[in-house]
Amino acid sequence: MESRELTPEELEKKMKKEEKVRASRVFRLIEKLQMELGMLVPAIELVARDKELKKLKAAQKAAAAKLQAQQPAAASKSEMKKNAKKEAQKVNLLEVDPETPLGEKKKLATEMAQNFNPNTVEKSWYEWWEKSNFFQADPKSSKPPFVIVLPPPNVTGALHIGHALTTAIEDTIIRWKRMSGYNTLWVPGMDHAGIATQVVVEKKIMREQKLTRHQVGRERFVDEVWKWKNEYGGTILKQLRRLGASLDWSRECFTMDEKRSRAVTEAFVRLHKQGLIYRKPNFRDIRLVNWDCVLRTAISDIEVDYIDIKERTPLRVPGYETPVEFGVLTSFAYPLEGDLGEIVVATTRVETMLGDTAIAIHPDDPRYKHLHRKFAIHPFNGRKLKIVCDSVLVDMKFGTGAVKITPAHDPNDFDVGKRHDLNFINIFTDDGKINTNGGEQFAGMPRFKAREAVTQALKEKGLYRGDKNNEMRLGICSRSNDVVEPLIKPQWYVNCKGMAEDGLNAVIDDKNPKLGIDPKQYVAEWQRWLENIRDWCISRQLWWGHRIPAWYVVLEVDQFRELGAYDNRWVVGRTEEEALEEASRLFAGKKFQLLQDPDVLDTWFSSGLFPLSVFGWPDDTDDLKAFYPTSVLETGHDILFFWVARMVMMGMKLGGDVPFSKVYLHPMVRDAHGRKMSKSLGNVIDPLEVIQGVTLENLHKRLEEGNLDPNELKTAKEGQKKDFPDGIKECGADALRFALVSYTAQSDKINLDIQRVVGYREWCNKLWNAIRFAMTKLGDDYTPPIEIDPASMPFSCKWILSVLNKAISKTVASLESYEFSDAATAVYSWWKYQLCDVFIEVIKPYFAGNDPVFASARRSAQDTLWLCLDYGLRLLHPFMPFVTEELWQRLPSKMDSVRKESIVISEYPSVVKSWTNDDVEAEMDMIESVVKSLRSLKSQLPSNERLQRRAAIVRCRTNDACDIIKGHDLEIATLAQLSSLTVLSENADVPVGCLVDIVNESLSVFLNQGSVNVEAELGKLKKKMEETQKQYDTLKKKTSASGYQEKVPVRIREDNEEKLAKLLQEILSLKETSDHLERES
């Protein structure tokens, strides 16, 4: 009878009927449980379930109505029927999870959904984990500790792909160690991010109140920052929960909270008392700093971005209405004293000539021999400029061989000034204007306006000698986009030499290394940094941060009363009272006033203390005793010196030991093309957009909300359209985490292709379906056994348990060696290629009916399947926490055993020796080789015939191979989808009309085709024979070479002999197959 499509009314009746059937199944299941447990489920629960079903039904109807409303008016009846049918198929009430109250264990649907949905699966679990205190560590625990401190993200930050990589790796380690019996602690925290946060709040105040921070005043400004922090800060920590980060939130801290602030003050005071923190008192001793004229503060090297300029290039600089030219080398002449003529110099920063105090030449340059110990005259102020001989700086072959020296505004010139005892003249104010030292003619001018004015003034004096394009690197502040200006400033410094030696020895000491760095390639960088370390400038001219606990003593009799006017007037204390006590001792009997240093400490100072301060240092807390030193630091290699080295130095000096025993440095994430992620390229990937999915339109919208100029916006949108033409598909946190961990094998850079993440999301679906299949084969009444005996099980069960053992061994070994990509690959390969592709397929005949022949095998397959899923999900859990929890919760429990409440706290799998069976694995390797060849032959059939089951033959050339194939004909026929399999000995004739393939030297396979293109098959065989003969001849020549027997180790000679024998056997096999085909023709 011909089938017809149902009308919408008929569909609705059908749906109602199906709902009643499903509901009755639920009630029957409950009744069965009541009978088994000898107790009654309260009637109220049945009523509640009925209400839940009605509620879901109502939601289904609403969804169907919404769909109908969205249909175009001109839609045909058949289209409407199809859409209604699709919608009816979409919603199965028993596959919808009931609502779970926040923090309670997730309520799962009665039946598993047809397909994996990351949004549904990843819902509710985290809140339950957190509320259940699964992540909390106990300082009194008898378990061995394993501790990681999360690199504290900036309080201003939002989750980016680098954070996601850090989270994926660290959570994998922590979950693995937690399941392996450790007292694990992963400490979350936030960094106050001095400059970044101050910039954000300054912009906010300017936008809302039209006031600068100086107009607001320090106290009120700091109050505003705290308000902002409490309202908006810390968003990133909430986002980390979405990634599944199993952090101990009870220990969450902030670098400027009360305990951490106390630790910072204590560290400063102690290091000062030990003579390791000092203040450079005068211009002879102070040093250059990176100065930001917009922020009016020194900044660290890591906050300086460098851009390469090839030629004359106009750039926008904050505070200037028109672009400023860079990449220009300006030449001008200095008149020489005593009518000796002039000397020409060149510079890319002509305004700095206002601070020149010398001209350097090479001592061996014959052009300037007559100028040794002579002077040039400054054209604008008459200052005498000493001509100094300096072979370190000057290359007499470059330019004119003469170099202007501005010791106060250039790092190289600073060193020259030190070597030759030159004057250091600062010509800039804190906001980047020319000060009085630059001369009345230029005072008050912004530095780049002064550049134009100085050039014009040189022209007017006839000293200008032209300009030309010049390649250069320009330092830009990453926070303000201002051009960094080297300035001399009185600052507080940490003497790092001794601490650096300790930190270096902790890594490179051959006899007693305390700290390992992985990858090993960064040990050389560690050594280079610490061997050439300079003292660390820790002063920052900001208002947001830890105020330096130092006070300046102003005596009543002082002529100059400004801060720092006199040397040796600084006192340090934990409080102002302590400072007052110290000042009273030093200046006994004198009247004085105390002024606290207005500067704050470099953010890296408090970050460097983080592994100590998070545990309550300087107090001797239970946490400090239990968890310091920590176990491992995982971070990016770009902050190896700026953060890692400083933690090691401060930890060893103040904590008495290295803060961690291992450093693992992860790669930097780039886009799929290997480019650095940049907003202007449109290739910045937001992890939440990968997790939740995003349309191309919304990707564009995010760009439009930024501050890109029109050209950059156009380029960025084009980049997004090329890389994400359909947006980004919803992948979920598990798939993103697994992809990122899998990428860690890529040296020092990860080229992240979103399609790979999508691939792992699809693999999650395969995982999901494997469990769905298993649940149908286990049945409602299945109870796992307490123990299993592989020896009594079918071949396929022995095999899957043996390879599971190897997967466990490889995964654990890889995790222990921090080869996370290898660990992920081992788990993935077992699940996909061995469990799903082979085992689940090969046991299907056991469940095809109720054949009593398979009764024992069927029960063994059930037990093995349950065991594989239990072990496999626990093995995978550290990488994919959400989906593994959901699936593991659906597995039945062993009888009379109490299973852990969550997979989070279950035991990580370990190798079971009795499962290992190398002989079984070798046999399965042969089976899979045969199946692979048969599938290859089927792929040569016309596309419409490839799914048809056909008869096949295996011809064996050895008795052992023949026995193995005959013993596993069912497995081969099942995996290769054959109608029948015949096993022949070497001399048996093969029927005509077969496709042929050589498996190895012992086996050939034949697939019944009916008719064969003999000529084409002979051509393929000939090509394969030529390739095999070539391999044989090459190896034979190698083994016959003079000195081979004497020089080559025995093991390699034996391997080569075995290879030769196999190749010869394969050649003979190919010849035999070729002869068979020729006979057919």
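Good morning, colleagues. Please keep in mind throughout that this is a predicted model. The protein chain has a mean pLDDT of 88, and 90% of its residues reach 70 or more. Over residues 1-5, pLDDT stays under 50, and the model has three contacts beyond four places in sequence for them. Over residues 30-50, pLDDT likewise stays under 50, here with eleven contacts beyond four places in sequence. Where pLDDT is low, the predicted coordinates should not be read in detail.

I turn now to the cavities. How many cavities of 30 Å³ or more does the structure hold? There are two.

The largest cavity has a volume of about 50 Å³. Its lining consists of His192, Gly194, Ile195, Glu303, Arg540, Leu542, Trp544, Gly545, Val600, Leu601, Asp602 and Thr603. Helix 7 (194-209) and strand 27 (600-601) are the elements that each give two or more residues to this lining. By class, the lining of the largest cavity has five nonpolar, four polar and three charged residues.

The second largest cavity has a volume of about 30 Å³. Around the second largest cavity we find Val149, Pro611, Thr630, Val632, Leu633, Met647 and Phe660. Strand 28 (residues 630-636) supplies the largest share of this lining, namely three residues. In the lining of the second largest cavity, six residues are nonpolar, one is polar and none is charged.

My last topic is the aromatic residues. The structure holds 41 aromatic pairs. Let me take one of them, formed by tryptophan 228 and tyrosine 232. A pair of aromatic rings is described by the distance of the centres and the angle of the planes. For tryptophan 228 and tyrosine 232, the ring centres lie 6.2 Å apart and the planes meet at 40°, so the pair is tilted.

Is tryptophan 228 buried or exposed? Its relative accessibility is 11%, so tryptophan 228 counts as buried, the limit being under 20%. Tyrosine 232, by contrast, has a relative accessible area of 43% and is therefore partly exposed.

Finally, I would point to one aromatic cluster, which is formed by Phe738, Tyr760, Trp763, Tyr828, Tyr833 and Phe879. Thank you for your attention.

Definitions and conventions:
Residues are numbered from 1 along each chain as its sequence is written. This is a predicted model: local features need pLDDT of at least 70, side-chain atom pairs count only at pLDDT 80 or more; totals for chains, interfaces and linings use all residues. Side-chain values use heavy atoms; hydrogens and water are left out. On a 1 Å grid over the protein atoms alone, a cavity is a set of points where a 1.4 Å probe fits but cannot get out, and a pocket is an open set with protein on both sides within 12 Å along at least five of seven lines; lining residues have an atom within 4 Å of a point. Grid points are joined across faces, edges and corners, and a volume is the space filled by probe spheres set on the points. Helices (H or I, at least four residues) and strands (E, at least two) are DSSP runs, numbered from the N terminus. Ala, Val, Leu, Ile, Met, Phe, Trp, Tyr, Cys and Pro count as nonpolar, Asp, Glu, Lys and Arg as charged, and the others, Gly among them, as polar. pLDDT is the predictor's confidence in each residue, from 0 to 100. Contact means heavy atoms within 4.5 Å. Rings of Phe, Tyr and Trp (its six-membered ring) pair if their centres lie within 6.5 Å; planes under 30 degrees apart count as stacked, over 60 as edge-to-face and the rest as tilted. Buried means under 20% relative accessible area, exposed over 50%, partly exposed in between (1.4 Å probe, protein chains only).
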